[in-house]
Amino acid sequence: MDLRPLGRSGLSVPPFCFGGNVFGWTADEATSFALLDRLLETGFTFVDTADVYSAWAPGHRGGESEAVIGRWMKDRGARDRMTIATKVGMDMGEGRKGLRAAYIEEAVEASLRRLGTDRIDLYQSHTDDAATPLQETLSAYDRLIRAGKVRAIGASNYSAARLREALAVAARENLPRYESLQPGYSLADREDYEAELEPLCREEGIGVISYFSLAAGFLTGKYRQAGAAAGRARESRVSPYLNPRGLAFLDLLDAVARDHGATPAQVSLAWLIARPGLTAPIASATSVAQLDELLGGVRLALDPAAIARLDEASRGSLKG
């Protein structure tokens, strides 16, 4: 497999990252172990999680995903074969949130315990914290890197202006810089990333690992009418795409998929993987069969004409 550099971090990763938000939530532990086993055996060993996964589920407190990954790595003896990315900063309750130095130093220890490891490969600021000086946050990460607890840092949900400011602070103060960005980005939602973040990341050599790569399932083609996702965890995220333009795009996606002997989800992932400057799309699955379909998209090469058709039809956002 051809690995890709993640920014200037020194880390090299597969061109696909598995979204670990499902572990311990919509995928029980046995299913989670089976998914991780398949990732390991196929070499797609880049997994993204967060301390807050899955605090939103009834009876959960956060940390469930990290704990499942940790138990699996211990059981399989797989830590050294995995690239583990996790995140800090979202509200964990009881005042545990943000990017203050003291909180980062507390949160990283909790993540390390749950993961059962002595280091995190990519530690990411899950969301911007305008109330905390960037220098304080980056200084905390600097101490963690020097202590060997973190290998590289990344940002998620940052605006171009704030990412640019963080890079400037890192350069001025001789602190570690964000080596990756995790933006929401897909064929269905292009404008926010492409307008300012994409040129900045390409100019600065920042790795990009996109989330909502399948637009919460819309780009799989499973949802084609109002109410189709009713009662599902992703209902509120899918519904905005179920409009005339979005549905017309699904017809085009179907046609491209037929031409390539693929599925709409595979075409959508292949388009992202071919996008200049994008390191690895993040996507998740709740069964091994679904995962195998996604991995088929990683191996799919779209012809230039298909990429051009998809580009033209999807510019901006498909949301109504």
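**Arg-79**

I looked up Arg-79 and found it buried, with a relative accessible area of 10%. Buried means under 20% relative accessible area, exposed over 50%, and partly exposed in between (1.4 Å probe, protein chains only). I noted that this is a predicted model, where local features need pLDDT of at least 70 and side-chain atom pairs count only at pLDDT 80 or more, while totals for chains, interfaces and linings use all residues. Residues are numbered from 1 along each chain as its sequence is written, and side-chain values use heavy atoms, with hydrogens and water left out.

Arg-79 sits in the loop between α2 (64-76) and β5. Helices (H or I, at least four residues) and strands (E, at least two) are DSSP runs, numbered from the N terminus.

Which side chains make polar contacts with the side chain of Arg-79? I found Thr-117 at 2.8 Å and Asp-121 at 3.0 Å. A polar contact is a pair of N or O atoms within 3.5 Å; within protein, one must be able to donate a hydrogen and the other to accept it, and residues adjacent in sequence count only if both atoms are side-chain atoms.

I then listed what Arg-79 touches, not counting residues up to four places away in sequence: Met-73, Ile-84, Thr-117, Arg-119, Ile-120 and Asp-121. Contact means heavy atoms within 4.5 Å.

**Thr-45**

Next I turned to Thr-45, in the loop between α1 (29-42) and β4 (46-48). Thr-45 counts as buried at 13% relative accessibility. A polar atom of its side chain lies 3.4 Å from the backbone oxygen of Arg-81. Beyond four places in sequence, the contacts of Thr-45 include Pro-14, Leu-39 and Met-82. I also checked Thr-132, 87 residues away along the chain: its C-alpha atom is 33 Å from that of Thr-45.

**The sheet**

I traced an open sheet of 8 strands with parallel pairing. Its order is β9-β8-β7-β6-β5-β4-β3-β10. Two strands pair if DSSP finds at least two bridges between them.

Why is one side of β9 and of β10 left without a neighbour in the sheet? β9 (207-208) and β10 (282-283) stand at the edges, so each has a single partner strand.

I followed one pair further in. β7 (residues 150-156) and β8 (residues 178-182) pair in the parallel sense over 4 bridges. Ile-153 has Tyr-178 of β8 as its bridge partner.

Helix α3 (residues 101-115) lies across β5 (83-88), β6 (120-125) and β7. It runs at about 140 degrees to β6; axes are lines fitted to C-alpha atoms, for helices over the stretch in contact, and angles run from 0 to 180 degrees between N-to-C directions.

**The cores**

The largest nonpolar core has 96 residues. Such a core is a set of buried Ala, Val, Leu, Ile, Met, Phe, Trp, Tyr and Cys residues joined through side-chain atoms within 4.5 Å. Among the members that touch the most others, I picked out Phe-16, Tyr-123 and Tyr-141. Another core, of 11 residues, lies apart from it and includes Leu-6 and Phe-46.

A cis peptide bond joins Tyr-53 and Ser-54, with omega about 5 degrees. Ser-54 is in the loop between β4 and α2.

Asn-157 is not a glycine, yet its phi is positive, about 60 degrees. I found Asn-157 in the loop between β7 and α5 (160-173), partly exposed at 30% relative accessibility. Asn-174 has a positive phi near 55 degrees. Asn-174 lies in the loop between α5 and β8 and counts as exposed, at 64%.
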